[in-house]
Amino acid sequence: MRWRRFSGLLERPGVIQGKLIRLWSVERHDLLKNYQWANDRELIRLAGMNPLPKSVWEVERWYETSTTSPNTQIFAIKSLDGEYLGNIELADMEVRVGRAEVGVLIGEHSFWGKGIGSDAVYTLCKFAFEELRMHRLEARVLEHNERARRIFEKVGFKTEGVERESHYSEGKWWNVKLLGLLDRELDEP
Ligand SMILES: CC(C)(COP(=O)(O)OP(=O)(O)OC[C@H]1O[C@@H](n2cnc3c(N)ncnc32)[C@H](O)[C@@H]1OP(=O)(O)O)[C@@H](O)C(=O)NCCC(=O)NCCS
């Protein structure tokens, strides 16, 4: 019902259109889901997030920082009918050399394995190369996170190296894989 009222907005230029998803700006009314995701043990484990319990105030502070930082562009991943599923970002952007790091999280577990993550990564990379004149995108993936590695490889990222034991969680040091993608290498998944 709500979406019928706002249906004109779905085509607005500020929304980036993918095949299965659209990328929107993250709004203040999206914060409750982010609070849940930031405290979800499985997401923390897979994405290598800070394992401490996060308060509402900390999530609000994260929102203020990531939506105002000139080096970060964060987007809400929404299904075609408007359901908020996760976030994707360009972080540590270096505009002069056209480089940034891609991070992605589908917070709603029931949507994993349906092609959403691959489409979101492809859609954002295409936008970054074509509209933001990025030349090189990077991603860092924990060695145990095969699903994440797969989605980056599906759109053309190549493993370029391993940061040995650079992440600590659950009483153990983990290797982190560094993946890279040049603008001429993007593949549709
Ligand atoms: C990682 C994530 C973004 C992937 O999104 P998704 O929508 O689940 O992924 P997709 O459905 O597009 O693709 C998953 C791919 O991984 C493959 N896959 C799943 N489990 C796998 C495993 N254990 N080993 C290898 N490949 C695996 C699937 O077969 C599929 O590849 P295919 O299309 O070639 O068959 C999502 O699962 C997520 O947010 N996970 C938690 C947070 C996280 O890990 N973030 C990434 C931090 S770098």
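In the predicted model, Phe152 touches Val102, Val104, Val121, Ala139, Val141, Phe157 and Leu179, where contact means heavy atoms within 4.5 Å and residues up to four places away in sequence are not counted. The model is a prediction in which local features need pLDDT of at least 70 and side-chain atom pairs count only at pLDDT 80 or more, while totals for chains, interfaces and linings use all residues. Residues are numbered from 1 along each chain as its sequence is written, and side-chain values use heavy atoms, with hydrogens and water left out.

Phe152 also belongs to the largest nonpolar core, which has 31 residues. A nonpolar core is here a set of buried Ala, Val, Leu, Ile, Met, Phe, Trp, Tyr and Cys residues joined through side-chain atoms within 4.5 Å; buried means under 20% relative accessible area, exposed over 50%, and partly exposed in between, with a 1.4 Å probe and protein chains only. Within this core, Ile88, Leu137, Phe152 and Phe157 touch the most other members. At least two core residues each come from β2 (21–25), β3 (73–79), β4 (84–94), β5 (99–106), α5 (116–130), β6 (136–142), α6 (146–154) and β8 (172–182). Helices (H or I, at least four residues) and strands (E, at least two) are DSSP runs, numbered from the N terminus. The most is given by α5, with eight residues. A second, separate core comprises 13 residues, among them Val15, Val26, Leu31 and Ala76.

Salt bridges were assigned where a side-chain nitrogen of Lys or Arg lies within 4 Å of a carboxyl oxygen of Asp or Glu, and the count by this rule is 15. Glu146 pairs with Arg149, the closest N and O atoms being 2.2 Å apart. These two residues are three apart in helix α6 and are therefore separated by about one helical turn. Glu146 is partly exposed, at 40% relative accessibility.

Salt bridges that share partners join Glu94, Arg99, Glu101, Arg136, Glu138, Arg140, Glu160 and Glu163 into one network. One of its pairs is formed by the side chains of Glu94 and Arg99, at 3.3 Å from N to O. Glu94 has 39% relative accessibility and counts as partly exposed, whereas Arg99, at 15%, counts as buried. The side chains of Glu138 and Arg140 likewise meet in a salt bridge, at 3.8 Å from N to O. In this pair the acidic residue, Glu138, is buried at 8% relative accessibility, and Arg140 is partly exposed at 35%.
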